[in-house]
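Dear colleague,

Please find below the structure that I am handing over to you. My findings follow after it.

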Amino acid sequence: MSTKAIYEATGKKLLNKYLDSTAAECRCVDVDADTNWNELIDKNRWLENERLVVKPDQLIKRRGKLGLIRGNVSLQGAKDFIAETLGKEISIGHTTGKLKHFIIEPYLEHNKADEMYICIYSNRDGEIILFHHEGGIDVGDVDSKALKYTIVIDDAFNVNKMEETLLKNIPAVRRSHLSAFITKLFQVYMELQFTYLEINPLVVTTNTVYILDLASRLDQTAEYLCASKWGQIVFPPPFGRDAFPEEAYIAELDAKSGASLKLTVLNPKGRVWTMVAGGGASVIYSDTICDMGFASELANYGEYSGAPSEQQTYEYAKTILSLIFKEKNPDGKILIIGGGIANFTNVAATFKGIVKALREHREHLVEHKISIFVRRAGPNYQEGLRVMREVGATLGVPVHVFGAETHMTAIVGMALGKRPIAPPEQAELTTANFLLPTSGSQRKTNFDVPRETRANSTSLGTQPLLKSEVQAVSNNGSSPTTKVNDDERKYNLGRPLFSNTTKAIVWGMQTKAVQGMLDFDHVCRRTQPSVVAMIYPFTGDHKQKFYWGHDEILLPCYKNMADCMKRHPEADVLINFASLRSAYESTMETLKYPQIRSIAIVAEGIPEQLTRRMIRLANTKDVSLIGPATVGGLKAGCFKIGHTGGMLDNILMSKLYRPGSIAYVSRSGGMSNELNNIICRNSDGVYEGIAIGGDRYPGTTFTDHIYRYEDDPEAKLIVLLGEVGGIEEYHICEAIKSKRITKPLIAWCIGTCASMFTSEVQFGHAGSHADNDRETAVAKNKALREAGAYVPNSFDELGDLIHMVFENLVQSGQITPKPDVLPPSVPMDYDWARELGLIRKPASFMTSIVDDRGQELLYAGMPITDVIKEDVGIGGVLSLLWFRKRLPKYATEFLEMTLMVTADHGPAVSGAHNTIVCARAGKDLVSCLASGLLTIGDRFGGALDNAAKQFSEAFDAGLHPADFVNKMRKEGKLLMGIGHRVKSLNNPDMRVVLLKQFAKQHFPATPLLDYALEVEKITVSKKPNLILNVDGCIGVVMVDLLRHCGCFTLEEATEFIENGALNGLFVLGRSIGFIGHFLDQKRLRQGLYRHPWDDISYILPEAM
C-alpha cells in the first residue's frame, strides 16, 4: 500500500522543518493517555503563557462542525477538554470510535477575511493546486469554488503562472509572501513525497502565513528515499479502528520480507476470520462474506502473497490464531483459508507453515470450536491440499479442503451455511499429468454441459437480454476510433502487444520465470523461444542454460543493456524483474531504445512520483507499460510474461496453449490466473489477458487494453475485473455509451465490502482505496450496469454470467468455439519433480551433523537459536558437529580448555614460523594459515591420535607400563606423547598440569590417564625430559572422556580416534595462534623475510 495518512502534528512538524521562513512556525504538542503533563510543560513553556487550541488528532474530518475543537482556552481549559473527552466514544456517520490522541497549539487571533483554503493533491498526470481566497469551517464545495493550477509531472513550477491562476483575488499587500509560501509548499510536497496536503484554514496576514488545520498523506513506498527527511513516522489507523500489536507485528514482518503480508483487525469479537493468499482474492473473499450478510461478523482483512516462506506463513498464521483465541463465541468461529490459483507461489510450502501453526494450537482450536474451510490452487497445490487434509484428520475440528475444481468463493457459502458443504471433487489434472498429455486428460468445460445440469446455477440462465446485449450481438464489428475521454492513448491502439513471434528480453536473473516462458512457448508450438536474452548488471557477460522442450539451449546474459539491445534488435518486449529500488532506473534506461514497444514492470512498491515519470516518458515514446506491481499478462497460444499463468499444469488445465475467444483485463495478478480458470470452465478459453497492476497509477489502463480488444476481431467477448478506488471504470462506461466499445463486456468491480465496514480499510493493492463515494465498487458496478455492461450480482456469479453470454453468442453465430488441440509434452524439471516426490535418486553426498534446508540452521538436530540461548559455547558446538551429541558440561569445558592450551606455542615452532614467513611474503590469510597447518604431523603437533592409539592399545591389552615401554623400545618405535624439548620433571609444562587437574577433578574415571602417568614414571627415570607432554596428555584424557562420559560405546570411541578427531583439536586450536601471527606481522608491517647466510651451513661437493 502506498498513500497513508499521518497525524496533523506529524505533518506540521515536517512543514516546520522544511518551509523555512515562508510560514510562521507551527508550534504543537501531542497528548494522549500516557502523557506526563509536567514534562510536556517543561519542554514547551509557551503552553503556560499563551491561549491555546485543543482538538483530537485522529484523522477525523470536519472537526469544527462536529464540535471537537476547543479554542481560545488556557492550559487548564485544554486539560479539562482532554479530561472530558479522552476515551469518550463518539459516532461520526456510521463509524464509532474513542478519542485517544490530541494536539494542542497556540490560538491565533485573526479576522475571518484572513482565512483561505489551499490543497495540493496528485493524480496520474501530475499535481493540482486548489486555492480559494475564502476558507474555514464553512468553505463549502471547494472543488467547484477553488481556482486550479495544474503542474504536469516533471514540468517546472511556473511562479508567474501560478500567481496569475491562483492569486487573482488576493490583495497585492499579501500576494508576495503568499506566493513564496505556495512555491515553497509545492517544493516540500514533492521532495517529501506527499500525495495529499490540505490546509483549511490557511491564515494569511499582511506579514506572514499561518497553518491552522492540516490534513496530509505520504507515499509510504518512498520511505527508502525519504527516511532521513521524514524521521520516525507513525502511520495511525483510521478513526474507529484501534491499532493492534498484532497488526504492527505483521507490518514489521512485511517490511523485512520480499513477500507481502497484510493484516487489519476489523472486529476482534467477530466469528468469521480469513487467511487469504493474494491481494485481489483477499478483497473478493471479504466481499462475499459481506454480501452474505456477515459484515458485522467479519473479524479481519488481510493477505499473504509474493511467495512467502514457510516460516513467514507460520508467523502469519500463528498471529491470526492468537487473535481468534482471545475471546470465545458460544456458536464457535470460522476460519477461511482461501486464495486463487497462484502463479508462482509454492502452495505446499506456504501450507506447511499454516499446518505447523494449526498443530501447535490444536487444543485451542477444539476449545473455541473452530471450523476450517480451505480452497487453494497453483504450483504444487495437490501436495498442499493433501497435507491440509491429513492435519485436518488429527485436529479434532471440521476441516474442509477444496482445490481448483471448486469456485474460489464457494467455500464462503459453505462456511456460512448458505449452501451445503460439498464433498471434494476429484481433481481433473494432477501436477505430473502434463508429461504425457492424452485426449482422456482433456477437461470438459462447463459450456459443453447442458445448462440445466450445472450445479449451483443462478438465475442468470433465465435473465432476459439487456438492450445493450441485443445491440452487441447484432453489431459485433468494430466501430471507428472515436475519442471519448482525455485519457485515450495517442498511439495506435490496433497494434497487438504480443504475437507468436514476439521476442523478449528479461531484466534480472529470473531463471525460473524464463524457463516457464520457454515451456509455454513449447506447448504453444512456437518455432523459436520468446526470450532472446537476459540483462543482469551484477555479473559479466555469460551464457545461461535452459531447456527448449527436450533439448538444452544457451541464452546470452549481458551486463550492459546497450550491448544487449545492439545484439538483439528483434526484441520488442522487456520484462523487468528489478527490485523496487532499481526498477525505475532500469525502466528509464530501457525507454532510450526505440526497438522496445512494451515493458512489463513486476516490482511492487515503486514510489508514485517515479511511476508517473515512467508513464509520461513511455507515453511520449509510444511504449506500453504493464505494471508496476503486476505478474504481467499473456496471449494464449503466443506469449506470456514471466510467471503469468502459473506452471504448466495450470496452463494445460486452463488451455492457455491455444487461443480462445475471451479477452480480459484485471488489476490483480493473482486473480488473472483465477480468471483463466473461470473463463476456461465457462467458455472456449482465454484469447488474451492482462493484469495492469495494483498500484494507484498503472502504466496502462483498463481503457487502453479494452480498446485494443474492441479493435481485435479475434476477441469476441471482453471481461473486466475492476476494483474499488480510482475512476477508470467510468471511462469504460462512457466508451460503452458512445459506442466506442460495442462488443459484449462483462464487468465486476471488487471491494463492495468497503462500504459495509465501520472504519476505513486500505486493501492489499495500493490503488484499492476510495477517496469518495464515486470511487466505491458499489457505485462503479451500478454505473457499468446502467451503461449497458453485463454485471453479476456478486463475484460468485461471474462464471455463470460468462457462461450465459458466451452461449448466447455461440447460438447467435457470433462465436464459433475454438477446437481443442493436443499440446506437445514437456518433461518436468528434475528439481520440481523431486519437490513433488515423483522421483528418487541416490544422493551424491550424505551428512548427519547439520541441516540448512529449513527455516533455521540445525547442528546435530539442535536449532541454532537454542545453541545460542542455552549458551553451549564453542565446546558445545564442537560436541554437536564432531561427535553428534550434546556432551556433558565438563566435557565441553575440557574441549574449550584444549583449544586454549594448544592455541599457540611461540613463533619458533615450525607451523608459526611458516605462517610468519608466508605473511611477510605478502600472501593472504588463508594461504598463510594453510602454510602453517601443512607442517602439522607426527613430528609437530600431530601426536594426539597416535598417542591415544598407543596408550589405549597397551592398556586394553593388559600390558604393564614397563612391558609397554620395553615393547616399544624393542620395536624401535617412539612413545608418542612422551618427551619435551624444554620442559622436564623439574620444570613441568603448566598446560599438562592444568589438563591433568581438570580431568581428575571432573571426569567420572581416568584409567588411561593413570596408566600414562605410570608410563611417565618409567621414562623420566631414564631422562627427566621424557615427560607426558601436552599432545600425549590431551590424547589419553580424550580417550577417557569418550569412553566414560556415557555418550558413546567403546567401538564409537575407538572410531573417533581412528578417524583423526583428536588431531583435529590441535589443528583447530593452533589455527587461532597461526591467525594471530599473521595479523601480528601485518600490523608490524614486516617486510619479505630472507634467512641470513651465517645461519646456513653450505656443504658443496669438491670442485671437479
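In which sense do strand β22 and strand β23 pair, and over how many bridges? The model is a predicted one, and in it β22 (residues 542–548) and β23 (residues 551–558) run antiparallel to each other, paired over 7 bridges. Within this pairing, Lys545 has Leu554 of β23 as its bridge partner. The hairpin has 2 residues between the strands, and Gly549 adopts a positive phi near 70° there.

Turning to the cysteines, the structure contains 0 disulfides. For Cys26, the nearest cysteine sulfur belongs to Cys28, at 6.8 Å. Cys564 is likewise in no disulfide, and the sulfur of Cys557, the nearest one, is 8.6 Å away.

The aromatic residues form 19 pairs in the whole structure. One of the pairs joins Tyr304 and Tyr316, whose ring centres lie 5.9 Å apart; their planes meet at 55°, so the pair is tilted. Because Tyr304 belongs to strand β16 (residues 300–305) and Tyr316 to helix α11 (residues 310–324), the pair ties together parts that are 12 residues apart in sequence. Tyr304 is buried at 1% relative accessibility, and Tyr316 is buried with a relative accessible area of 1%. Elsewhere, Trp882, Phe883, Phe1048 and Phe1056 are linked into a cluster by ring pairs.

Finally, there are charges over rings to report. The charged end of Lys356 sits over the ring of Tyr314, 4.4 Å from its centre, while Arg740 lies over the face of Tyr707, at 4.2 Å from the ring centre.

Yours sincerely

Terms used. Residues are numbered from 1 along each chain as its sequence is written. This is a predicted model: local features need pLDDT of at least 70, side-chain atom pairs count only at pLDDT 80 or more; totals for chains, interfaces and linings use all residues. Side-chain values use heavy atoms; hydrogens and water are left out. Two strands pair if DSSP finds at least two bridges between them. Helices (H or I, at least four residues) and strands (E, at least two) are DSSP runs, numbered from the N terminus. A disulfide is a pair of cysteine sulfur atoms within 2.5 Å. Rings of Phe, Tyr and Trp (its six-membered ring) pair if their centres lie within 6.5 Å; planes under 30 degrees apart count as stacked, over 60 as edge-to-face and the rest as tilted. Buried means under 20% relative accessible area, exposed over 50%, partly exposed in between (1.4 Å probe, protein chains only). A charge sits over a ring if NZ of Lys or CZ of Arg is within 6 Å of the ring centre and within 35 degrees of the ring normal.
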